[in-house]
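The sequence and the model are shown below.

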Amino acid sequence: MQRRSFITMTMGALVLARPALATPTRIEVFKSPTCGCCSAWIEHMSGAGFAVDARDVDQEALYALKARSGITPELASCHTAFVDGFVVEGHVPAADIERLLTERPDAIGLSVPGMPIGSPGMEMGNQREAFDTVLLLRDGSIEVFERHA
């Protein structure tokens, strides 16, 4: 093997191995202890490479946490998470969270209001509802961050 080929192969192997060496992004999830779809969303996030810390809390504490975090009833879902300074409400796809962490907009976070069928954690066979992930801006307004058909 020529020296140039060896160096090229070694550099390629290091580039491919690099993502495995990265520390997973930690996300803290607050949920009801009896919510199955929250657990399914947590599995979605773990499968996407996030390190998930799940916290079971009673409904009153969860509603208070949402209110303190800027989640209004219109934006609410069943669980609330925090990742790298952002709030994530509901069944937000992992890819949307990854994009949020890459782009880092001046916002408090993301929400998928309600519990749309087919969103991560709300899978029901082939049934799917179109839904939007919304960006929660600091002034209290929202804008569509990503549309999901």
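How many salt bridges does the count come to? The count comes to nine salt bridges in this model, which is predicted.

An open sheet of seven strands is present, with the order β2-β1-β3-β4-β5-β6-β7 and mixed pairing. The edge positions are taken by β2 (51-56) and β7; each has a single partner strand, so one side of each lacks a neighbour in the sheet. On average, neighbouring strands are turned by 20° against each other, with direction ignored.

Two helices are described against this sheet. Helix α2 (residues 36-47) lies across β1 (26-31), β2, β3 and β4 (86-90), and runs at about 175° to β1. Helix α3 also packs on the sheet, where α3 touches β1, β3 and β4. The direction of α3 makes about 50° with that of β3.

Strand β5 (residues 107-112) and β6 run antiparallel and are joined by four bridges. Within this pairing, Leu110 has Leu135 of β6 as its bridge partner, and Gly109 stands opposite Leu136 in β6.

On the other pairing of β6, six bridges join strand β6 (residues 131-137) to strand β7 (residues 142-148), again in antiparallel fashion. Phe131 stands opposite His148 in β7, and Thr133 has Glu146 of β7 as its bridge partner.

Is β6 largely enclosed or open? Six of the seven residues of β6 are buried, so the strand is largely enclosed by the rest of the structure. In a regular strand, side chains alternate between the two faces of the sheet.

**Charged pairs**

Side chains of opposite charge can pair when their charged atoms come close.

| Salt bridge | N to O distance |
|---|---|
| Arg26 and Asp53 | 3.1 Å |
| Glu146 and Arg99 | 2.9 Å |
| Arg138 and Asp106 | 2.7 Å |

Arg26 forms its salt bridge with Asp53. This pair links distant parts of the chain, with Arg26 in strand β1 and Asp53 in strand β2, 27 residues apart. Arg26 has a relative accessibility of 51% and counts as exposed, because the exposed class is over 50%. Asp53, at 22%, counts as partly exposed, because buried would require a value under 20%.

Glu146, already named as the bridge partner of Thr133, also meets Arg99 through its side chain in a salt bridge. Glu146 lies in strand β7 and Arg99 in helix α4 (residues 94-103), so the pair ties together parts that are 47 residues apart in sequence. Both residues are partly exposed: Glu146 has a relative accessibility of 30%, and Arg99 has a relative accessible area of 28%. The pair belongs to a network of salt bridges that links Arg99, Glu103 and Glu146.

Arg138 is exposed, with a relative accessible area of 54%, and Asp106 is exposed at 58% relative accessibility.

**The loop at Glu74**

Where does Glu74 lie? Glu74 lies in the loop between α3 (59-68) and β3 (80-83). Glu74 is exposed, with a relative accessible area of 64%. Its side chain is joined to that of Thr72 by a polar contact of 3.0 Å. Glu74 and Pro113 are 39 residues apart along the chain, and their C-alpha atoms are separated by 6.8 Å.

Definitions and conventions. Residues are numbered from 1 along each chain as its sequence is written. This is a predicted model: local features need pLDDT of at least 70, side-chain atom pairs count only at pLDDT 80 or more; totals for chains, interfaces and linings use all residues. Side-chain values use heavy atoms; hydrogens and water are left out. Buried means under 20% relative accessible area, exposed over 50%, partly exposed in between (1.4 Å probe, protein chains only). A polar contact is a pair of N or O atoms within 3.5 Å; within protein, one must be able to donate a hydrogen and the other to accept it, and residues adjacent in sequence count only if both atoms are side-chain atoms. Two strands pair if DSSP finds at least two bridges between them. Axes are lines fitted to C-alpha atoms, for helices over the stretch in contact, and angles run from 0 to 180 degrees between N-to-C directions. Contact means heavy atoms within 4.5 Å. A salt bridge is a side-chain nitrogen of Lys or Arg within 4 Å of a carboxyl oxygen of Asp or Glu.
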